[in-house]
Each structure stands twice: as C-alpha cells, then as structure tokens.
Amino acid sequence: MTLSQKTMLVICLRTVVGQNNELVVLIIFNNFRALYQYFTTAANDGLRTSKEKSKYLGLQRHLASIEFVTNLGIMYDALCELADLSTSLRNRSHTFTQANRCIQRRIMVFDSIAENYGPRTKEVIDSCEELSFKSIPLISNKAILKINPLQFFRSLSYNLGSRLFTTQSSNVSMQGNELKNIYTQLLSDLDVLGPKNWSDQFDIQYGDSAIRRLANVFQVDARSAINGFREFKDLGDSSTVLDLRPLVTAIN
C-alpha cells in the first residue's frame, strides 16, 4: 500500500499526540516500514529546516522504539476486539439479553488475551525481543511508557464488566454485589419473555412476578403487561398482543 504525502502527515501528527483510533493504529501497523522510511527521508532532507529535520528524526526514533511497537501491537488487538463488540451492539435486532451476552463473551476474550496474547501482541513482543520489527531496527525509548499486556487486558475486562452492573442512576450509591444481584435478576426476568425458556407444563401465573418487576424497571403499566403476557403464553405469539407491546417496545 502506497501512502500519499498528506496521509503521511496526518499519521505523523496522530503519532505525536498518541491517538489510539483503530484506523490510525491499523495504518501505522500495516505501513510501519513505509512510515519509518518517510520519517528517515524527511529527517535527512537538505531542503528542510533544521527544526523540521529534528521533528522528523524524533518521529523516527519514537516509531522505531521497543515501547511504541509493543504498545502498537497491544492496542491493535484491543481496538479490534472493541470494534467487533461495538458492531455487535449496534445490531438493532439484538435483545437486551443478547447484547449482554455479547459483552460477557468479550470480557472472557480479554481475560484470555491477558494470559494468551492476541496475534499482534505476540508478534510485537517477539519482534522486540529480536530488536527488529518489519526489518526495522528497534531501540529503547524510556520516555515512552510501555503497556503491560497482562494488566492492560485485565483492566479492560474489569472495566467492561463493571459497566454491566450499572443499573441504577448515578445519584444512587450501592455496593457492587447489590448491583450485580439486581442485574442478574433483570436478565433472569427477561428470559421469561422467550418461549424457548418455558417448560412444557407451566402454571398460568408463570412469569407474572418477572413481568411485574420488568414493568417497574421500564415504567409501563404492570397489570396490563401481566395480562398481555398471559395472553402471549396462551397464543404463543406476542405480535398480536397489544397489552404486552409497551413492555416489549421499552425493552427493545
């Protein structure tokens, strides 16, 4: 891939300010050698001022440092996983429960990557041990803080998990376990809306308590929702049950 001079300059700027945009990281990773050569050429360009040449020399040394390359690979894996999660969560056909499972799977992925590095993280760590990445010699730059992949991915997992349990408004102080219990109850209540979760034989009041709690959470009329749910269980199809529609709409 050949990069235009304009693209090179944009990447230069973003490299300096440390932006961790997925596209920027991907471009730098896949065009690492071209960027290095561009910085090197610019740093030795006799038509540039000494200030400009010094700037490009600094960019070259920043790019070809063990610390930067390590961080680049780690961020590549992390941003790809987060981008995939973002794409999944934007799927409007997903239910609340399905979205929750998407997040839980990504948490497990981050827990796994913390111990068993992703492909780009492994590639850069191996390259840094050899002091060469994409045939470019690497040096240490102590001015750059190197990310610890174990701590980083565990932190991502923890932060993603903590957001799953934020079911109360920000002005309500609750203990983490209590939030988790509320969230777990919410997911359990949502499951009753799926016919595949029903047993072959169930009492006519099956799920009433769950629907009542859901109606309270989503602020719809509980009595109407319960009657609608009973009709849904009888018919096996919620599309024609008007009393249940406000709750289903609020959830989705």
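Trainee: Which helix gives the largest share of the lining of the largest pocket?
Mentor: That's helix 6, with four residues. Keep in mind that this is a predicted model.

Trainee: Which helices supply at least two residues of that lining?
Mentor: Helix 6 (96-115), helix 9 (176-191) and helix 12 (245-251) each do.

Trainee: How much space lies in the largest pocket?
Mentor: About 460 Å³. Its lining has 21 residues, and the closest to the centre are T95, L190, L193, G194 and N252.

Trainee: And how does the lining split by class?
Mentor: There are eight nonpolar, nine polar and four charged residues.

Trainee: Switching topic to E67: where is it found?
Mentor: E67 sits in helix 5, which covers residues 66-89.

Trainee: Is E67 buried or exposed?
Mentor: E67 is buried, yet it has no salt bridge.

Trainee: Which side chain of opposite charge is nearest to E67, and why is there no salt bridge?
Mentor: K142 is the nearest one, 4.3 Å away.

Trainee: What does E67 contact, leaving aside neighbours within four places in sequence?
Mentor: I139, S140, N141, K142, I144 and K146.

Trainee: What about I74, which helix is that in?
Mentor: I74 is in helix 5.

Trainee: Why does I74 count as buried?
Mentor: Because its relative accessible area is 0%, and buried means under 20%.

Trainee: Which residues does I74 touch beyond four places in sequence?
Mentor: I74 is in contact with T121, I147, P149, F152 and F153. As for V124, it is 50 residues from I74 in sequence and 8.2 Å away in space, C-alpha to C-alpha.

Methods: Residues numbered from 1 in each chain as written. Predicted model: local features only at pLDDT ≥ 70, side-chain atom pairs only at ≥ 80, totals over all residues. Heavy atoms only, no water. Buried < 20%, exposed > 50% of the residue type's maximum accessible area, 1.4 Å probe, protein only. Lys, Arg positive; Asp, Glu negative; His and termini not counted. Salt bridge = Lys/Arg side-chain N within 4 Å of Asp/Glu carboxyl O. Contact = heavy atoms within 4.5 Å. 1 Å grid on protein atoms, 1.4 Å probe; cavity = no way out; pocket = protein on both sides within 12 Å on 5 of 7 lines; lining within 4 Å. Points joined across faces, edges and corners; volume = space filled by probe spheres on them. Nonpolar A, V, L, I, M, F, W, Y, C, P; charged D, E, K, R; others polar.
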